[in-house]
Each structure stands twice: as C-alpha cells, then as structure tokens.
Amino acid sequence: MELDHQQLLNLYGNIGNSLNLQEYHLLPDQLAQFKQDFKAHLDAENIKFYGYLEQGLKEQSQAFLSLRQFRKEMRVIERTVIKFIDHWMDFGVNRASAAEFKEEYEAIGSALVQRIEREEKELCTMYSRV
C-alpha cells in the first residue's frame, strides 16, 4: 500500500512539474495515467485491504465504525479527484486556464497527502492488530 501511495504521489508531482514548466501538452496523458493508477489502487485497496480489515474488526465495534468512516471519506475524495481529472481532460489546460488548474491541483494534492498520511498512520495500526 505504501509503495502504491509513493507511486501515486510521484505521478501527481509529475503533473505539477509539467504545469510549472508550462508543458501543458503533457498534462492530458499524465492526468489519464494518474486516473488509471488511482482507480486501480482504490479498487485493490477496497478489496484486499478494507475487506480484510472489516472482517477482522467486525467484533470491535468502535474500530469497525472508524474503518467504515475511512471508506466513506475515501469515496468522497475519489469522486472529487475523478471529477477534477475528467474536467481538465475535457477542457484542457493552457496558459489562460493554468492558474485555475494550479489552484485546484494544489487543493487536491493537499487533500491526498493528508489522506495518505492518515491511512498509513491509523489504518496500518488497525491492520497490525488484526
């Protein structure tokens, strides 16, 4: 899971690098790759990680409820990230729209980093107890 997180953050960082270098033509492919890898990670995480934890924690009501809350939050983040990617893939980024893209990109990146840190801290603790 942590390796997937690092790869996703690297891909996300590449998008920022292209933006900063004004290499807007690279963004559609980078966004598409990030979307593909992001969805694959979430699918695997839902099946392998969350499924396993839910089975192991079903007798521990507080931990189970906390895990459910994590899953619910992740669905919101997933919809937000996919909406962001789809919007910019449809409309494209250029010099005129770069500032707006950057603002959204940074907000999403901040949310992703916070989420990854929480997952790796809190969920890995739960995982080690199962």
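1. A residue counts as buried when its relative accessible area is under 20%. By that rule, Phe101 and Tyr105 are both buried. Keep in mind that this is a predicted model.

2. Helix α1 covers residues 2-20, and helix α2 covers residues 27-57. Their axes come within 10 Å and cross at roughly 160°. Angles over 145 degrees count as roughly antiparallel, and α1 and α2 are therefore roughly antiparallel to each other. The crossing of α1 past α2 is left-handed.

3. Now look at who touches whom. On the α1 side, the contact includes Leu8, Leu11, Tyr12 and Ile15. On the α2 side, it includes Leu27, Leu31, Phe34 and Phe38. Sorted by class, this contact has nine nonpolar, six polar and three charged residues.

4. Next, the aromatic rings. Six aromatic pairs are counted. In one of them, Phe34 and Phe38 have ring centres 5.6 Å apart and planes at 15°, so the pair is stacked. Both residues sit in helix α2, four residues apart, about one turn of the helix. Phe34 and Phe38 are each buried.

5. A second stacked pair is formed by Phe101 and Tyr105. Here the centres are 6.0 Å apart, with 15° between the planes. Because Phe101 and Tyr105 are four residues apart in helix α4 (residues 98-129), about one helical turn separates them.

6. Which residues form the one aromatic cluster? They are Tyr12, Phe34, Phe38, Phe84, Trp88, Phe101 and Tyr105. Among them, Tyr12 of α1 and Phe34 and Phe38 of α2 also take part in the contact of α1 with α2.

Methods:
Residues are numbered from 1 along each chain as its sequence is written. This is a predicted model: local features need pLDDT of at least 70, side-chain atom pairs count only at pLDDT 80 or more; totals for chains, interfaces and linings use all residues. Side-chain values use heavy atoms; hydrogens and water are left out. Axes are lines fitted to C-alpha atoms, for helices over the stretch in contact, and angles run from 0 to 180 degrees between N-to-C directions. Helices (H or I, at least four residues) and strands (E, at least two) are DSSP runs, numbered from the N terminus. Angles under 35 degrees count as roughly parallel, over 145 as roughly antiparallel, 65 to 115 as roughly perpendicular and the rest as oblique. A crossing is left-handed if the near helix is turned anticlockwise from the far one by less than a right angle, and right-handed if clockwise. Contact means heavy atoms within 4.5 Å. Ala, Val, Leu, Ile, Met, Phe, Trp, Tyr, Cys and Pro count as nonpolar, Asp, Glu, Lys and Arg as charged, and the others, Gly among them, as polar. Rings of Phe, Tyr and Trp (its six-membered ring) pair if their centres lie within 6.5 Å; planes under 30 degrees apart count as stacked, over 60 as edge-to-face and the rest as tilted. Buried means under 20% relative accessible area, exposed over 50%, partly exposed in between (1.4 Å probe, protein chains only).
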